[in-house]
Amino acid sequence: MTLFRLDASILPASSASRALADLVEAEWTASHPDSTVTRRDLAADPVPATTWADAVTGGFVEAEHRTPAQNDARALATAFADELIGADALLFAVPLYNYGVSQHFKTWFDLAYTDPRIDPSGTALRGKPATLVTVLGGNYAPGTPKEGWDHSTGWLRRVLEDVWGLDLRVVQRPFTLVGVNPALDAFTDTAQELKAAAENDAVAYGREIAALRGSQVA
């Protein structure tokens, strides 16, 4: 049994997304104590921005005519896809940055997506249990002043759930900057409630993907 975990936070020591992902992972490990957790930390080991273009252009030429950069990019895309396909369940921890998806995650996704097993025609990930943990510094829920400014969560759901066909659960924690940004001090109680709700979801979804995968294996 293998859990694949990807982290995209650039601040690992204080990362709210990593803390929630830890809860999901703990439930998985409790259910499958002998399982392996395969990790990819996109902050510690970011994907070079040029790699996607190298992988794409390398696909237009025969292998013997590819540049070393194109060969390396396509090999890395294969490695990314292997990690996803080989895992029994997936865990993604991706914060909202500047109202959009983390560039680290987007670069990783674009490269992985060039592998034909999980490209637009690929089906290798369909139905695989997965949890997305995402955190937001503010609150962009309906009725808030910045409703609609979260341009990350919808995109993440689209590519993970609709494009790759994952059996996806989403843990979201807003207001992570409460206690950091004094302008948000008025929302302290709300932030604590949202944090507790997200932690409960992380535990529940960790148990859920563990039980789901365990029943499929059995």
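A pocket here is an open set of points on a 1 Å grid over the protein atoms alone, where a 1.4 Å probe fits, with protein on both sides within 12 Å along at least five of seven lines; lining residues have an atom within 4 Å of a point. Its volume is the space filled by probe spheres set on the points, which are joined across faces, edges and corners.

This is a predicted model: local features need pLDDT of at least 70, side-chain atom pairs count only at pLDDT 80 or more, and totals for chains, interfaces and linings use all residues. Numbering starts from 1 along each chain as its sequence is written, and side-chain values use heavy atoms, leaving out hydrogens and water.

The volume of the largest pocket is about 750 Å³. Now colour helix 1 (16–31) and strand 4 (96–97), the elements giving two or more residues to that lining (DSSP runs: helices H or I, at least four residues; strands E, at least two).

**Stop two: the core.** Next, pick L6, L84, F92, F105, W108, L160 and W164, which have the most contacts inside the largest nonpolar core, a set of 31 residues. Such a core joins buried Ala, Val, Leu, Ile, Met, Phe, Trp, Tyr and Cys through side-chain atoms within 4.5 Å; buried means under 20% relative accessible area (1.4 Å probe, protein chains only). Apart from that core lies another, of 16 residues, including A16, L20, V171 and A210.

Technical notes:
Buried < 20%, exposed > 50% of the residue type's maximum accessible area, 1.4 Å probe, protein only.
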